[in-house]
Amino acid sequence: MTAVSLIRNARHWRTGRPFELAFAGDTILAAGTDLVASGALARAAAAGAPAAADPLPGAIDVIDVIDAGGALLAPGLVDPHVHLRQPGQSGKETIASGTRAAAAGGFTSVLCMPNTDPVVDTPAWVEWVLARAREAGRCRVHPIAALTLGQRGGQLAELVALREAGAAAFSDDGRPVESAGMMRRALEYAAFAGLPIVCHEEDMTLRGDGQMNEGPVATRLGIPGIPSAAESVMVRRDVELVELTGGRAHFAHLSCAESLAALRDGKRRGLAVTGETCPHYWTLTDAAVGEGDTNAKMNPPLRSEYHRRAVIEAIADGTIDCFATDHAPHRAIDKDRPFDQAPFGIVGLETALALTLTHLVEPGHIDRARAIELWTEAPRRVFGLPPAELAPGFPADLVLIRPEAEWTVAPEQFHSKARNTPFAGFRLKGAVLATICAGRVTHAHPDLAPRGHRSAAALVEAAG
Ligand SMILES: [Zn+2]
């Protein structure tokens with residue numbers, strides 16, 4: 001006998017057509033239309049779930065029915081750039097709270113950055129993060145390990161051993177690899193280890209003591225500026241180093257036109273370069289800093305309307321390979337300081353999908369299926385994660401999305417420990433109804449219809 005969960009009354013994320021999906025354990029059993037009445041579900045259950053542990057052929061015993069109420073069903077979202085803050089900074093966020101926020105945002109997998117305290121630069125720390133995630137996590141967690149010891153840029157970490165321990169990529173994120181010679185060796189060694197380097201691109205001599213985008217807003221506020229070239233000269237450099245080494249670079253949180261031009265150029269030359277951008281770069285400009293709002297302070301900074309439009313263009317023309325949040329939680333006490341003393345970073349997991357649907361899909365920059373793809377298949381491809389399809393045999397990593405639902409961002413309701421968002425009070429369209437990871441409901445919106453347990457026979461009768 002097999003216990004099965006059945007999602008009814010959903011629509012397929014690509015086509016918008018009516019769709020049903022059944023899963024048993026952590027694996028999708030059947031997908032299509034009319035699974036019960038057509039007998040497809042019974043046949044699938046009899047054959048056993050392809051990858052389920054100890055599948056028992058025979059009758060379906062229990063059916064747990066989830067009524068999607070017409071919501072879109074998609075593979076669970078993937079965020080390739082989050083800061084879960086553990087080990088060492090659990091005042092800001094924990095693996096438990098950060099993955100709760102991820103589940104609330106529709107994510108079933110996240111890649112987490114190693115700039116913690118201590119830095120995740122040894123196999124033991126990679127294993128520690130994985131163990132904590134197994135124990136406390138609400139989604140799959142793929143640790144990104146440090147590229148250099150202590151992220152100090154002086155000595156390469158043991159990249160092969162880190163990969164063996166479970167690292168998904170390497171990065172000194174939070175800071176750049178300043179030495180071009182070190183980046184050359186890192187690209188060669190990472191290519192040997194078979195994983196990409198995630199590049200936080202920032203020339204520290206151009207950044208100086210800059211705190212926000214260099215331009216009229218910074219001038220008016222008297223805040224030191226960061227020119228876009230601080231990012232783009234490093235993207236240019238690393239495109240050249242990828243050519244020199246045959247390595248693989250993924251450019252994190254791209255924010256400006258010149259960086260995107262460099263990435264576009266690298267792709268035209270056939271190099272193994274990819275890039276991500278974040279919802280704040282297509283939604284906001286440095287005007288959001290207002291009179292010095294530290295919740296609009298992040299690195300790289302919000303830029304001008306010219307750069308915002310360039311980001312949207314690069315998303316539309318395929319230069320951007322995937323989206324990421326750069327979820328960077330901070331305590332209120334740290335953000336509640338003068339602008340030049342507050343830390344960089346904003347949270348993003350719980351607003352990402354709605355900002356995508358509201359500010360990219362609604363204005364017609366990309367269609368809805370492409371927008372969802374940039375949060376699902378695209379990051380999986382970039383980081384070589386197993387594919388997730390709405391088909392039998394694939395993991396039951398799923399999200400139900402109500403694209404029409406409108407809501408107002410209320411940071412006090414975030415599942416993250418942190419509240420540092422520039423989107424408080426924003427009216428957004430598109431809400432997560434439920435998230436399911438490995439067959440477990442990890443988030444359910446209060447609007448989700450109560451779930452009922454029915455026998456297969458009763459369902460067939462009701463359908464007939
Ligand atoms: Zn970064």
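A: The area buried between domain 1 and domain 2 is about 780 Å², and carbon and sulfur atoms give 59% of it. Buried area here is the accessible area (1.4 Å probe) that two parts lose on being put together, summed over both. On the side of domain 1, Trp13, Arg14 and Ile28 lose the most area to domain 2, together 70% of what that side buries.

This is a predicted model, in which local features need pLDDT of at least 70 and side-chain atom pairs count only at pLDDT 80 or more, while totals for chains, interfaces and linings use all residues. Residues are numbered from 1 along each chain as its sequence is written, and side-chain values use heavy atoms, with hydrogens and water left out.

Domain 1 covers 2-69 + 449-463, and domain 2 covers 75-391 + 404-426; these bounds come from an automatic or database domain assignment. Their C-alpha centres lie 37 Å apart. Domain 1 puts 8 residues into the contact and domain 2 puts in 10, where contact means heavy atoms within 4.5 Å.

Across this interface the rule finds 2 salt bridges, each a side-chain nitrogen of Lys or Arg within 4 Å of a carboxyl oxygen of Asp or Glu. A salt bridge joins the side chains of Arg14 and Glu373, at 3.3 Å from N to O. The elements that give two or more residues to the domain 1 side are β1 (2-12), β2 (18-24) and β3 (27-32); strands are DSSP runs (E, at least two residues), numbered from the N terminus.

Definitions and conventions. Helices (H or I, at least four residues) and strands (E, at least two) are DSSP runs, numbered from the N terminus.
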